[in-house]
Amino acid sequence: MRAYEPKQRRKAVMTRSLRRVLLHTSAVAALAVSLISCTATDSDTNTLSVGFVVDPSWAQIPVAADAGLFADQGIEVNVINFSSGVEALQAVTAGQVDITTAADVPTSAALARTPSLRIVADGSRWEGSKIVTGRSSGIRTVDDLAGRTIGTPLGTSAAYYISNALETADVTAELVQVAPPAIVTAITQRNVDAVSIFQPYQAQSINALGPDAVELTGGAYSQHSLYLATEPTISAKSEAITKFFAAIRQAGVKLADNNSDAIGAVASATQLDADLIRTILSEFDFTVQLTPDLAEKLQQLATWAKSEGNIEPNVELPDYSGVLDTQFVG
């Protein structure tokens, strides 16, 4: 993956009210934490609370829960839904969940601020990112995005993808903060000229536009969908975490086999049509792993995040190889 190098001159991508957006995101995350306070980390070492970003990237979780794979391992897993990795990371950092899911971009920033946070697995890889627009916009290529507005949740993997695509094409566009649940409305109502968003919102946007949909690709980015926990939780619940990933691996086999019950479980969890889910899931590699090269990719993403103001200038980036805890997946 090509590093996104910050420039001394004015960036090719402009962002609107970024710091206000970050403050708003923090407030939303704090609200999410308060809402789940009743399900805070359980002292029972056979019970895990798991933050699930409602996204097919972590499809193993609803599959394992629906198929009874967690129970088969002798553990109780309480799944708590989040709309973004930023909120889920806030929860695990605050000790409100034992394990959380989050994509690589927000994870790279969170790791710079939270020394006790560890990546315990790379649950899936996805290379299906697209820029979605309407034919009526007149946009047919990435070059046509010059001077246009692009809706995306700032600070996320989707924002990195579009930034990387624009940088690669040497195109100047304006990134506008749009929360994931508002993406479909933003593009169908033409509040923005295009959107960059992760699944399932990407598929929903394409479906909502119907014949008018235009899908563009650019740059170089493969999303890593991660599982994280803090050192104290890992120490206290290592046996349960090991069993959790045994169930997650079994769920991944069902997904690889295109199992109809597995498809149904993901469709129910994401509230998407089963046929659409079947298409989306085919884009993912659900092999659970944790390889050394992830550290370099996180370093690249954190460098970008710092250039965008998502990581404070005085924060020193960590040695990302030191935050990979391979004891559970190897």
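This is a predicted model: local features need pLDDT of at least 70, side-chain atom pairs count only at pLDDT 80 or more; totals for chains, interfaces and linings use all residues.
Residues are numbered from 1 along each chain as its sequence is written, and local features need pLDDT of at least 70, with side-chain atom pairs counted only at pLDDT 80 or more and totals for chains, interfaces and linings using all residues. Side-chain values use heavy atoms, with hydrogens and water left out.

The count comes to nine salt bridges (a side-chain nitrogen of Lys or Arg within 4 Å of a carboxyl oxygen of Asp or Glu). One of them joins Glu231 and Arg118, at 3.1 Å from N to O. This pair links distant parts of the chain, with Glu231 in helix α9 (residues 231–236) and Arg118 in strand β5 (residues 117–126), 113 residues apart. Helices (H or I, at least four residues) and strands (E, at least two) are DSSP runs, numbered from the N terminus. Arg118 is buried, at 14% relative accessible area, whereas Glu231 is partly exposed at 42%; buried means under 20%, exposed over 50% and partly exposed in between (1.4 Å probe, protein chains only). A further salt bridge connects Arg125 with Asp122, whose closest N and O atoms are 3.2 Å apart.

Ser108 belongs to helix α5 (residues 104–113) and is buried, because its relative accessibility is 0%. Beyond its neighbours within four places in sequence, Ser108 is in contact (heavy atoms within 4.5 Å) with Leu298, Leu301, Ala302, Ile311 and Tyr320.

The lining of the largest cavity comprises Val53, Asp55, Trp58, Ser84, Gly85, Val86, Ala103, Pro106, Thr156, Ser157, Phe198 and Gln223. On a 1 Å grid over the protein atoms alone, a cavity is a set of points where a 1.4 Å probe fits but cannot get out, and lining residues have an atom within 4 Å of a point.

Terms used
On a 1 Å grid over the protein atoms alone, a cavity is a set of points where a 1.4 Å probe fits but cannot get out, and a pocket is an open set with protein on both sides within 12 Å along at least five of seven lines; lining residues have an atom within 4 Å of a point.
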